[in-house]
Amino acid sequence: MKIFLSGSLVDEKDAVVSVFDHGLLYGDGVFEGIRAYNGRVFLLDEHIDRLYDSAKAIALDIPMTKEEMSAAVVDTCKANDIAEGYIRVVVTRGKGTLGLNPYLCDKAEVIIIAAKIQLYPQELYDNGLKIVTVGTVRNHPEAINPRIKSLNYLNNVMAKIEAINAGCMECLMLNHKGEVAEASGDNIFAVRNGVLTTPPSTCGALEGLTRNKVMDIAEKAGYRVVEAPMARYDLYVADEVFLTGTAAEIISVVDIDKRIIGNGKPGEITARLAKLYIECTKAEGTPIA
Ligand code: PXG
């Protein structure tokens, strides 16, 4: 496998970073997870914009222009013959000292990996997920803003541990006010009486690109879409609940804290939106070839 590392494509065995990299020492950096479908990189500009916004928020200078970054993503796919896959872009603070001071770091390190995707088992799409609310509260927005896609994912990892310990693959995270934020690695939507509701990013959600795309698709399909603070109650009494994310795409939730959602089966509106989303993934994107 060829990896893009600090400006060039290198063999996987040569793709190594310093043990003094602050990405490793402090989780100091940002990342993106991107999909390639049908020989195209899906939502590439949107991912690059979010990467640069995340970097700006943590005062990290990426030593490449957005155009160079987009080209590097495409080149990395090409070098690995990826037409369908998962691309991870990582920008770390770079090599520094054993102290926190990011201003003592050399230069941000840029890593791009383009690999085959590990999909969730089909059974989960057919039958829906069971999730539980976890005790790990979403990061306070004035501590680490959840809109920053940072390398510091311990908040999400702790939530995921609780989910797995409870026998679930995903979980529901609430913000410091007890409002619905998101899952550990996906956004959440409720459908009730044909209206879609999802929390605004100010409630502690990442501004998911799948989320934004689904909102767009839903509106075009004639559904009303509302961004509003939500309580767990709103999810419990919904007709349908689903999660969105680059990896998961759209996946139904049929059980939250042992409350059966709707009739306990993946809903019709969710299925319709998932179909429309898949159509977009096949038809849109930046060509790799
Ligand atoms: N919320 C969080 C906290 C995320 O990390 C999403 C929502 C969905 O956003 P997008 O833009 O993908 O629709 C994410 C995305 C993985 C992986 O390997 C994916 C994510 C995070 C960590 C790992 O699939 N996130």
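Domain bounds here come from an automatic or database domain assignment. The model itself is predicted.

Start with the two domains. Select 2–115 as domain 1 and 122–283 as domain 2. Both give residues to the shell around the ligand, so the ligand lies between them.

The ligand sits in the largest pocket. Color the secondary structure next. Strand 5 (85–92), helix 6 (209–220) and strand 13 (240–245) are the elements that give two or more residues to the shell.

Select the 20 residues around the ligand. Tyr153, Glu182, Leu209, Thr210 and Thr246 come nearest. Color the shell by class: six residues are nonpolar, nine polar and five charged.

Zoom in on the polar side chains. Pick Glu182: an N or O atom of its side chain is 2.6 Å from a ligand nitrogen. Move to Thr210, where a polar side-chain atom lies 2.6 Å from an oxygen atom of the ligand. Then select Thr246; an N or O atom in its side chain is 2.4 Å from a ligand oxygen.

Finish with the ligand surface. On its own, the ligand has 540 Å² of accessible area, and the protein covers 84% of that.

How values were computed
Residues numbered from 1 in each chain as written. Predicted model: local features only at pLDDT ≥ 70, side-chain atom pairs only at ≥ 80, totals over all residues. Heavy atoms only, no water. Near = heavy atom within 4 Å. Polar contact = N/O pair within 3.5 Å; in protein donor to acceptor, adjacent residues only side chain to side chain. Areas by Shrake-Rupley, 256 points an atom, 1.4 Å probe, with all protein chains shown as cover. 1 Å grid on protein atoms, 1.4 Å probe; cavity = no way out; pocket = protein on both sides within 12 Å on 5 of 7 lines; lining within 4 Å. Sits in = over half its atoms within 2 Å of the grid points. Helix = DSSP H or I, 4+ residues; strand = E, 2+ residues; numbered from the N terminus. Nonpolar A, V, L, I, M, F, W, Y, C, P; charged D, E, K, R; others polar.
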